[in-house]
Amino acid sequence: MRTPLYHEHLAAGARMTDYHGWELPAQYGGILSEHAAVRQRAGIFDVSHMGEILVSGTGALGFLQILLTHDVRRLETKPWVYSPMCGTDGGTVDDVIVCRYDGGFLLCVNAANTEKDFSWIRQNAPSDVTVENISERFAQIAVQGPDAFTLLEKADLSAVLLQSNTGYTGERGCELYVAPGDAPKLWRELTAAGAVPCGLGARDLLRTEAGLPLYGHELSEDISPLEAGLGRFVCFDKGDFIGRDALLRLRDSPSRRRLIGLTMQGRAIPRPGYAVLGDGIPCGAVTSGGVAPALGCNVAMAFVTSEAERYTIVIRGKEEPAVLAELPFYRRRK
Amino acid sequence: MRYYSKDHEWIEVNGETGKVGITDHAQAQLGELVFCEMEPPGTVLAAGDMAGAVESVKAAADILTPVSGEITAVNDALADDPVPLNTAPEENWLFTIRLSAAEELDALMDEGAYKVFCHE
C-alpha cells in the first residue's frame, strides 16, 4: 500500500522500505542527520499509514471507558488521551490516542493493528455505539522538533481536519490529519518552510531515546501495559474495564517482568532479541536498542524478570556491560 | 588481484596474505556505519566463519571471511571511526588474513562477475 505522499518521497530521493505492507521512506539523506534535525529544529514524518477508527453514538463515552485502560473522561479537560487497549487477560491489543471528532471519538491506532483493532472494538461495542474504520479519510503528517510550531505559522493549515499536539519523538510538535488529496500540498509547504523530511529509521531512534513503546517490541498481546511501564495509563479507580481483573492480579504480583532502560558502557550496539544477564544469570532480552545520538552512547530497552546489581548484554557471544538507566533516556528541555 | 564474495566482501591478495573489506554495494545497503569490530590477530578461521561485524545505525552485519586462514592484522582506525567504510569502502580494509588454502580464491568472483551478481 502507498500513502498519498508516496511520490513526494520518491521525488525527495527517499529509500523506501516495507512496513507492515506499507511502502514508506526508511530514510532520505541519512538517519543521523534526520535525527539531528528533529532534536535541533524540526522534521516531518509521513504517518498516513496510521489507522483511524471512529466510535460514535449515545453510548460511545461509556463504551470507551470499558474498552480502554485510561480514563477517557480526561477529554473533558484535555484535547487528547493516550491509552492502552487490553484484552481480558491484560495483554495489550494496541495502544491508541483518542480525541473528540465529528460528534464521536476518533481512535488513532497502529497501522499494523488497524484491522485487528476494528474487529475487537466492533465485537465489544454495545448496540448504541457505532464503530467505523475511517482510515481512508485521512493522511497524517507529524511535525516534530523545537521549531515545529514556529514552522506551522508559515504554512496554510486551512485543509487540516484535526491537529493533535502529540508525537513519537520526545520533542514538542503535532500530528496533522488531512484528507489524502490535501496531503501533498501541505507536505510541500512544510518542507519549503524548512521542515526536514524524516523516515522510519530516524523515527525509531527518536522514539527509543524518548523511551516510547513500539507495538510488537515493548507491547504485544502477551505484554501488559503494567509490565511495559505504562501503569500511569491504567486507571483502576474509574470503574470496570476490559482486562481490569487480570491487571489487578498482575499489579499485586511480585514476580512480574518489567521494562528497564540500559545504557552501554562500551561501544557495542544492543539490538532487539539480544539476551540480558543480571549478575551473570539470563534474566531477559532487549526489545529495542541501538545508537542514541542525543546521549552519545548506545541504549537498550529490555524486559527482565529479576533485579540485579550488574547487567550485561550478550553481543556476538561477548558479555558487554550495561548500566541501569531511568526511562526515558532523553528528555527535552522545557 | 581482487576477488569478491557473495557476502559482499572484497579480498585483495598479495602473495600469501589478503586484505579484506566490504564492497560499495554492502555499505550502500547498510547505510551510515557507526561501529565495527573484528576478531583479534591470531584468530584462525575457515572460509565463511565470522571474522567480525560492521554495524550501521539500523542493523548489524556479520563479516564472513571469504577464505580460510589466520587474521594477521586489524584496521583499528576503523573501530574508532568507521565512516571511511561508507565514503571509500574499496580503499579501506577491515583485516588481513594469511591464506591457508589459496585455491579457495577460485570460488570467488572477479570484479565483472561481481557486478553482474549485484544486478541479479
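Trainee: Which residue lies over the face of A:Phe45?

Mentor: Happy to start there, and note that this is a predicted model. Among the residues in contact with A:Phe45, leaving aside its neighbours within four places in sequence, are A:Trp187, A:Leu206 and A:Arg203. One of these lies over the ring face, at 5.6 Å from the ring centre, and it is A:Arg203.

Trainee: Which residues have the most contacts inside the largest nonpolar core?

Mentor: In soluble globular proteins, nonpolar side chains tend to be buried together. Here the largest such core has 38 residues. In chain A, helix H2 (31-40), E6, E7, helix H7 (200-209), strand E15 (281-292) and strand E16 (297-304) each supply at least two of its residues. The residues with the most contacts inside this core are A:Phe45 and A:Leu106.

Trainee: How many residues are in the other core, the one with B:Ile22 and B:Cys36?

Mentor: That core lies apart from the largest one. Its members include B:Ile22, B:Cys36, B:Ala61 and B:Ile63, and its residue count is 26.

Trainee: Why do the buried residues of H4(A) lie on the same side of the helix?

Mentor: Helix H4 (residues 114-124) of chain A has the buried residues A:Thr114, A:Asp117, A:Phe118, A:Trp120 and A:Ile121. Their directions around the axis put them on the same side of H4(A), because they cover an arc of only 165 degrees.

Trainee: Which exposed residues are on the face of H4(A) turned away from its buried side?

Mentor: Start with the buried side: its cover includes helix H3 (60-67) and strand E5 (80-86) of chain A, along with strand E4 (51-56), strand E6 (92-101), strand E7 (104-109) and strand E8 (130-133). The face turned away from that side carries the exposed residues A:Glu115 and A:Gln123.

Trainee: How far is A:Cys99 from the nearest cysteine sulfur?

Mentor: A search of the whole structure finds zero disulfides over all chains. A:Cys99 is in no disulfide, and it counts as buried at 8% relative accessibility. The nearest cysteine sulfur is that of A:Cys108, and the distance is 8.5 Å.

Trainee: What is the angle between the planes of A:Tyr82 and A:Phe233?

Mentor: A pair of aromatic rings is described by the distance of the centres and the angle of the planes. Both A:Tyr82 and A:Phe233 are buried, and the pair links strand E5 of chain A to the loop between H7 and helix H8 (244-251), 151 residues apart. Their centres are 4.8 Å apart in an edge-to-face pair, with an angle between the planes of 80 degrees.

Trainee: Is the pair of B:Tyr4 and B:Tyr114 stacked or edge-to-face?

Mentor: B:Tyr4 lies in strand E1 (residues 2-4) of chain B and B:Tyr114 in helix H4 (residues 111-119) of chain B, so the pair ties together parts 110 residues apart in sequence. B:Tyr4 counts as buried at 5% relative accessibility, and B:Tyr114 is buried with a relative accessible area of 5%. The centres are 4.8 Å apart with 15 degrees between the planes, which makes the pair stacked.

Trainee: Over which ring does the charged end of B:Arg2 sit?

Mentor: Here we look at a charge over a ring in chain B. The charged end of B:Arg2 is 3.9 Å from the ring centre, and the ring is that of B:Trp10.

Conventions. Residues numbered from 1 in each chain as written. Chains lettered and ligands numbered in written order. Predicted model: local features only at pLDDT ≥ 70, side-chain atom pairs only at ≥ 80, totals over all residues. Heavy atoms only, no water. Buried < 20%, exposed > 50% of the residue type's maximum accessible area, 1.4 Å probe, protein only. Helix = DSSP H or I, 4+ residues; strand = E, 2+ residues; numbered from the N terminus. Arc of directions from axis to C-beta. Contact = heavy atoms within 4.5 Å. Disulfide = S-S within 2.5 Å. Core = buried A, V, L, I, M, F, W, Y, C linked by side-chain atoms within 4.5 Å. Phe/Tyr/Trp six-rings, centres within 6.5 Å; stacked < 30°, edge-to-face > 60°. Lys NZ or Arg CZ within 6 Å of the ring centre and 35° of its normal.
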